[in-house]
Amino acid sequence: MSLLAKRQQPDANGRIQHVTPESAGWRYVGFDAYLLKKGQTLSLESGDKELCLVLVAGLASVKTRHAEFPNIGKRMSPFERTPPYSVYVPGGDKVEVYADSDLELAVCNAPAGNGNLPARLIAPEDVGVEQRGKGRNKRLVHNILPDDKPADSLLVVEVYTDEGDTSSYPSHKHDQEDSAEETYLEETYYHRFNPEQGFAMQRVYTDDRSLDECMAAYNRDVVTVPRGYHPVATIAGYDNYYLNVMAGPVRLWKFTWEKDHAWVNSDEYPRSK
């Protein structure tokens, strides 16, 4: 089973990506991406899933059974590097999205619990912004739905990596259940590039190399990470954005570094020339 889901031509609803637990061969994470034209309406039912709708680019009005969020959105490209508008939708709900402009919409999903959380707007000012790393291993992070904010399963984050830099690095993993060091979290990467013809290299591998795949992710491709380490390396000339979705049996992001490369976090890096 390939870990790379190539961007598809939009279907009648504008959907270009459709990753399910069944298609990915796992239990928790689902991901869809849509390209909607101005004036187009998308209707969804959450069922036994909770949803996080991320306005990757464009403007929209969103309505659920008990809440309305009209005229949301600000950035027209993710490469404006401002935090997005998002909407959390609980299980057992219906949602209608009206595109107030051409709209790139990500729909993240994972199993709903019994928390009966209300639908809510996640505005840019609600998003935690941080810089991580140093040297050629630095990135800008937007924490849209981190583990200290209410949700049943979902964790959602955006990451920006400049041309020629690495991210999701040093190599780390979160694939162990019932572990004191890690939580089991499946993960998707929705890649975007500026300029759009760019690509990045992403490797997914385990310590014993029973899984070891390296792939070129292009604009609007999705990489699925069922287990193992999963670093990203950008190519000169092309800035990278990716939207991460994670979920598992415990809603906590806890990981371990690959021992060979953990030194990159230390004062030894960047090394003097």
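**Close-up 1. Fifteen residues around the second largest pocket.** The second largest pocket of this predicted model has 15 lining residues, and Asp32, Glu45, Lys49, Leu51 and Asn109 lie nearest its centre. Here a pocket is an open set of points on a 1 Å grid over the protein atoms alone, with protein on both sides within 12 Å along at least five of seven lines, and a lining residue has an atom within 4 Å of a point. Its volume is about 230 Å³, where volume is the space filled by probe spheres set on the points, with grid points joined across faces, edges and corners. At least two lining residues come from each of β2, β3, β4 (41–45), β5 (49–57) and β10 (103–111); strands are DSSP runs (E, at least two residues), numbered from the N terminus. The lining divides into six nonpolar, six polar and three charged residues. Nonpolar covers Ala, Val, Leu, Ile, Met, Phe, Trp, Tyr, Cys and Pro, charged covers Asp, Glu, Lys and Arg, and the others, Gly among them, are polar.

A note on reading these views: residues are numbered from 1 along each chain as its sequence is written. Local features need pLDDT of at least 70 and side-chain atom pairs count only at pLDDT 80 or more, while totals for chains, interfaces and linings use all residues, and side-chain values use heavy atoms, with hydrogens and water left out.

**Close-up 2. An open sheet of six strands.** The strands run in the order β2-β3-β10-β5-β8-β11, with antiparallel pairing; two strands pair if DSSP finds at least two bridges between them. At the edges are β2 (15–19) and β11 (120–122), each pairing on one side only. β2 meets β3 (residues 30–36) in the antiparallel sense over four bridges, and valine 19 has phenylalanine 31 of β3 as its bridge partner.

**Close-up 3. The largest pocket.** This pocket has a volume of about 400 Å³. Of its 28 lining residues, Arg132, Val141, Val157, Met246 and Trp253 lie nearest the centre. β13 gives the most to this lining, with five residues. The lining holds 15 nonpolar, nine polar and four charged residues.

**Close-up 4. The largest cavity.** A cavity is a set of grid points where a 1.4 Å probe fits but cannot get out, and the count comes to one cavity of 30 Å³ or more. The largest cavity has a volume of about 30 Å³. Among the residues that line it are Lys173, His174, Asp175 and Arg227. Its lining divides into three nonpolar, three polar and three charged residues.
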